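Visitor: I would like to learn how to read a structure like this one. Please show it first.

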Amino acid sequence: MTATDLFQPGATALRRDVHAGRVWTAMAQRVVADTGHVLTLAYRPGVESLAPTTWIASTRTGDQGLRERGLADLAAGTWTLDRCRWTGTTLLSHFLAGEWFSVHCFQDAAGEPLRWYVNFEKPFLRRPGAGIDTLDLCLDLVVTPDLSGHHRKDRQEYAQLRRLGVIDDYHHCQVEQAQGRALTMLDNESGPFAGGRPTWTLDPGPRLAAARTARRRRPRRRPGLAVTAAVPLPVVRWEWRWSRAGQLVG
């Protein structure tokens, strides 16, 4: 990897969940840091993203049946995307190169940690100048703000993806091993957990300076290739600057 492959602080990186050549979710995030081994991104309330319509409806209504239907759509490749907005929390995310999990710190408006998440997912693939691709495998480790306790979350959804064949034996083995590595990292307070509470916070900005929709192009019909997204993906640009406190200011 060369320096030109790294994302620059303040740039926008589009994090996508991709399955069978199609986009499952897409979220434009702010780059905080990129060492080549660890990519740190930030996400704030009001940012627009793309998600399956069943997922959006389930979030709004609390209907677990819609989430189960959404996973069935994922396995069948029959989902439809729509736009939605992130609300409520600021999210600081750490993606570790080659690892089957990422680490996220949810913070309130004042920058106080609410909880940590270890999200088990496929190792991310870089799209230089654009973002990263991965796939959320629907199993999480929820950790208390002070790192003193944790519990697993969404095991039923993980089991459903196993039954549907989205998570095969190889993926399952990788996730099992990744859980051990994540717990060791948590117990040792190393990696993203080092130092406990993050010292980085996001100011009330940034402002979305401009947004445009990528122009839809008619895909070339080739055997074995699928259309990569059901709707165009947002392309966004942020106005930003660094404060002396290390905060991103809109």
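**Reading the model**

Guide: Start with H19, which touches L74, W79, L135 and V166 when residues up to four places away in sequence are not counted. H19 is found in strand β1, residues 12–19. Bear in mind that this is a predicted model.

Visitor: Is H19 buried or exposed?

Guide: Buried means under 20% relative accessible area. H19 has a relative accessible area of 16%, so H19 is buried.

Visitor: Which residues does I56 contact, leaving aside its neighbours within four places in sequence?

Guide: I56 is in contact with A51, D82, R83 and C84. The residue sits in helix α1, residues 53–61, and I56 counts as buried at 10% relative accessibility. From I56 to C84 the separation is 28 residues in sequence and 7.1 Å in space, C-alpha to C-alpha.

Visitor: How many residues line the largest pocket?

Guide: The lining has 34 residues, and M27, W55, T59, W86 and D136 lie nearest the pocket's centre. By class, the lining divides into 14 nonpolar, 9 polar and 11 charged residues. The space in this largest pocket is about 1100 Å³.

Visitor: Which element has the lowest mean pLDDT?

Guide: Where pLDDT is low, the predicted coordinates should not be read in detail. Here strand β13, residues 208–213, has the lowest mean pLDDT among the elements, at 31, while strand β10, residues 131–134, has the highest, at 98. Over residues 204–250 the pLDDT is below 50, and this stretch has 89 contacts in the model beyond near neighbours in sequence. For the protein, the mean pLDDT is 82, and 79% of the residues reach 70 or more.

How values were computed
Residues numbered from 1 in each chain as written. Predicted model: local features only at pLDDT ≥ 70, side-chain atom pairs only at ≥ 80, totals over all residues. Heavy atoms only, no water. pLDDT = per-residue confidence, 0-100. Helix = DSSP H or I, 4+ residues; strand = E, 2+ residues; numbered from the N terminus. Contact = heavy atoms within 4.5 Å. 1 Å grid on protein atoms, 1.4 Å probe; cavity = no way out; pocket = protein on both sides within 12 Å on 5 of 7 lines; lining within 4 Å. Points joined across faces, edges and corners; volume = space filled by probe spheres on them. Nonpolar A, V, L, I, M, F, W, Y, C, P; charged D, E, K, R; others polar. Buried < 20%, exposed > 50% of the residue type's maximum accessible area, 1.4 Å probe, protein only.
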